[in-house]
Amino acid sequence: MSSGIRDLRTFIELLRERGAIYDIGAPVDPVHELGAVLRACEEQGKAAFFHDVKGFGIPVVGSALGSHERIALAVGCRHEELGDVLEKATLSPMPCREMDGSAPCQEIVADEVDLGTLPVPVHAPRDAGPFINAGVVIGRDPATGRHNLSYVRLQVKGKDRIGVNLNTWRHLRDFFEIREARGENLPFCVAIGVDPALMIAAAFRYEGDEYEIAGALRKEPTPVVRARTCDVLVPATAEIVLECEILAGEREDEGPMAEYTGHYSGRYPQCVGRVNAITHRRDPIFQTTAGASYEHLLLGTAVTREPRLKRLAMTTSPRVREAYLPPYASGFLAIISMENPHPGEVRAVGLAALNAHVNINTVVVVDTDVDIYNPAELFWALSTRVRWERDQVVIPGTLGNELHPSADRDGVISKTIIDATLAPNLRDSYVKIVYPKVNLAALLGFPTSS
Ligand SMILES: Cc1cc2nc3c(=O)[nH]c(=O)nc-3n(C[C@H](O)[C@H](O)[C@H](O)COP(=O)(O)O)c2cc1C
């Protein structure tokens with residue numbers, strides 16, 4: 001890959017070159033202020049680098065991958081190519097490579113484990129405390145030894161104690177359940193501040209080893225090194241590594257935290273972890289993402305799921321044109337456009353889309369004259385082209401995600417497919433009104449906003 005990105009640092013430099021990050025020199029409080037400033041930067045389309053976090057000598061970067069453009073930049077492609085690039089990466093895995101000699105992430109080994117030395121923000125006003133939520137969590141399958149990368153929010157509860165929020169359908173949870181049944185703890189590591197290819201890889205639900213996706217995205221194997229206190233391989237160029245274990249037989253209340261649904265999560269008994277070692281690079285950078293931020297939504301609910309959505313929809317009908325998981329709907333809504341669907345095809349495509357990811361609970365199918373990326377057009381189609389008793393089907397009692405506010409505690413929810421396409425006999429009678437485009441600036445003689 002020609003972008004020159006090898007780690008978080010080189011990516012931040014690239015963001016600076018592109019004017020995609022705000023450097024914030026003013027002192028910022030990690031409790032509530034940092035999260036609010038981060039959101040404000042995101043709303044202006046920028047990442048944020050906090051040079052002076054009150055009470056800490058470690059800078060914090062946030063929202064590094066908080067837009068489609070920055071995610072595309074991280075993997076060296078254009079926004080429109082992102083889906084294909086990500087899809088290909090899952091089909092051409094490249095295993096990681098264990099480094100000889102010393103690794104940057106182990107340049108410094110902390111004398112004492114104390115999470116209070118790290119600038120972990122309390123992001124949102126009602127968060128229960130500081131959460132590490134942009135750390136890539138690395139575990140190993142006790143049965144096969146393969147590595148798994150994912151995100152798990154970690155609530156800092158003491159110098160070496162963390163809450164570990166493991167939802168259903170998570171590989172790390174499966175690994176822990178195997179170990180716990182034997183009365184054993186599960187070792188795992190958290191790599192904070194990594195090559196963005198690893199951050200994207202960690203967001204995938206993938207049956208193999210996600211290091212292989214990062215390697216495929218970078219077109220070279222990810223350099224890794226063995227952790228010092230457990231048999232887990234960690235990214236060699238990570239800024240900070242926490243070496244931890246999830247404790248068998250222990251559960252403790254965890255949360256609430258601002259979640260991707262746009263609501264605070266509840267407070268429930270969750271797993272508990274112990275941090276056994278902290279290693280880091282010289283002059284480390286802490287990386288964070290605010291709960292319910294664009295970065296959280298894009299990584300957690302959209303970009304890694306869209307390729308599969310498109311593939312399933314398009315293999316179900318050759319009349320599918322586009323498929324989209326808008327981040328504003330937290331990954332619960334899929335919008336699909338079709339060109340003159342044949343009888344029964346909208347529902348067939350809708351069922352395929354519902355299977356693209358367990359969280360999807362609403363599928364809306366529209367005609368190709370509707371811009372699926374424009375929420376106003378979607379609402380127009382829903383308001384003008386749907387006969388609700390005929391065009392909507394509801395499937396009760398289906399597995400979704402337990403964080404959805406209307407799901408049962410075990411994640412069971414109802415799902416729906418809405419046919420917002422014009423019936424074939426109406427296509428000629430109801431033609432969408434589209435005025436020709438004009439060059440207003442040329443006409444008026446001064447620049448206009450469009
Ligand atoms: C920023 C971020 C935070 C996340 N936090 C959690 C979490 O606290 N608990 C959880 O179970 N999943 C969380 N997820 C979702 C999983 O990390 C994600 O679904 C991942 O693909 C699961 O990997 P796996 O299928 O390999 O287990 C989060 C995702 C993102 C992007």
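Leucine 443 is exposed, with a relative accessible area of 69%. (Buried means under 20% relative accessible area, exposed over 50%, partly exposed in between, with a 1.4 Å probe and protein chains only.) This is a predicted model: local features need pLDDT of at least 70, side-chain atom pairs count only at pLDDT 80 or more, and totals for chains, interfaces and linings use all residues. Residues are numbered from 1 along each chain as its sequence is written, and side-chain values use heavy atoms, without hydrogens and water.

**Exercise 1.** Work out which residues of H11 are buried and where they lie around the axis.

*Solution.* 
- Step 1. H11 spans residues 375-385, and Leu378, Ala381, Leu382 and Arg385 are buried there.
- Step 2. Seen down the axis, these buried residues fall within an arc of 110 degrees, so they line one face of the helix. (The arc is that of the directions from the helix axis to the C-beta atoms.)
- Step 3. Recall the helix repeat: an α-helix has 3.6 residues a turn, so residues three or four places apart point the same way.
- Step 4. Turn to the other side of H11: Ala376, Phe379 and Ser383 are exposed.
- Step 5. The cover over the buried residues includes strand E18 (333-338), strand E19 (362-367), helix H12 (388-391) and strand E21 (412-420).
- Step 6. Check the N-terminal end. Asparagine 374 caps it, with a side-chain oxygen 2.9 Å from the backbone nitrogen of alanine 376.

**Exercise 2.** Is serine 265 buried or exposed, and what does its side chain meet?

*Solution.* 
- Step 1. Serine 265 lies in the loop between strand E14 (240-254) and strand E15 (268-280).
- Step 2. Its relative accessibility is 10%, so serine 265 counts as buried.
- Step 3. Its side chain makes a polar contact with the side chain of arginine 153, at 3.1 Å.
- Step 4. Leaving aside neighbours within four places in sequence, serine 265 is in contact with Arg153, Pro256, Met257, Glu259 and Leu403. (Contact means heavy atoms within 4.5 Å.)

Definitions and conventions: Helix = DSSP H or I, 4+ residues; strand = E, 2+ residues; numbered from the N terminus. Polar contact = N/O pair within 3.5 Å; in protein donor to acceptor, adjacent residues only side chain to side chain.
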